[in-house]
Amino acid sequence: MPKHVAQVSLRTWIFTILISVMVYGYNAFTQSADIQTARLLNHTLADVSILLIGLSFALSGICYFWNFADTLIIYRNDLGLNGFYLALTHTIMVLIRRPV
């Protein structure tokens, strides 16, 4: 893997973790105190995956119309993949925790 690609992936994962921590804090602050930690984590995974996939879609349009954002297009693929991984983790958690 080229060094440039590794730096983009690392920056994207750091961005994903920061967004996840902020959304988890927001969810913990706004939810009731008796909510289970696993449910809160699952809710956060869904929220962050929607944000990352939406940001990935938005980057396409933003970079198409405005030239100052052309340097951000390299993050689009990794943001979409990170959002997909979080959505997949959310789906697995829902399937495991669902009572039969």
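These legends accompany several close-up views of one predicted protein model.

The model is predicted, so local features are given only at pLDDT of at least 70 and side-chain atom pairs only at pLDDT 80 or more, while totals for chains, interfaces and linings use all residues. Residues are numbered from 1 along each chain as its sequence is written, and side-chain values use heavy atoms, with hydrogens and water left out.

View 1. Along the sequence the pattern reads α-α-α; helices (H or I, at least four residues) and strands (E, at least two) are DSSP runs, numbered from the N terminus. Taken along the principal axes, the C-alpha atoms fill a box of roughly 50 × 30 × 20 Å. Of the 100 residues, 26% count as buried, where buried means under 20% relative accessible area, exposed over 50% and partly exposed in between (1.4 Å probe, protein chains only).

**View 2. Helix H2 against helix H3.** The axes of H2 (residues 37–65) and H3 (residues 76–97) come within 8 Å and cross at roughly 155 degrees. Such axes are lines fitted to C-alpha atoms, for helices over the stretch in contact, with angles from 0 to 180 degrees between N-to-C directions. The two helices are therefore roughly antiparallel; that label applies over 145 degrees, with under 35 roughly parallel, 65 to 115 roughly perpendicular and the rest oblique. H2 passes H3 in a left-handed crossing, meaning that the near helix is turned anticlockwise from the far one by less than a right angle (clockwise would be right-handed). The contact residues divide into 15 nonpolar, nine polar and three charged, counting Ala, Val, Leu, Ile, Met, Phe, Trp, Tyr, Cys and Pro as nonpolar, Asp, Glu, Lys and Arg as charged, and the others, Gly among them, as polar.

**View 3. The ring pair of tyrosine 64 and phenylalanine 65.** A search of the whole structure finds two aromatic pairs. In this one, the ring centres are 5.0 Å apart and the planes stand at 85 degrees, so the pair is edge-to-face. Rings of Phe, Tyr and Trp (its six-membered ring) pair if their centres lie within 6.5 Å; planes under 30 degrees apart are stacked, over 60 edge-to-face and the rest tilted. Tyrosine 64 is exposed at 66% relative accessibility, and phenylalanine 65 is exposed at 61%.

**View 4. Valine 21, an exposed residue of H1.** Valine 21 has a relative accessible area of 54%. Its C-alpha lies 9.5 Å from that of valine 48, 27 residues away in sequence.
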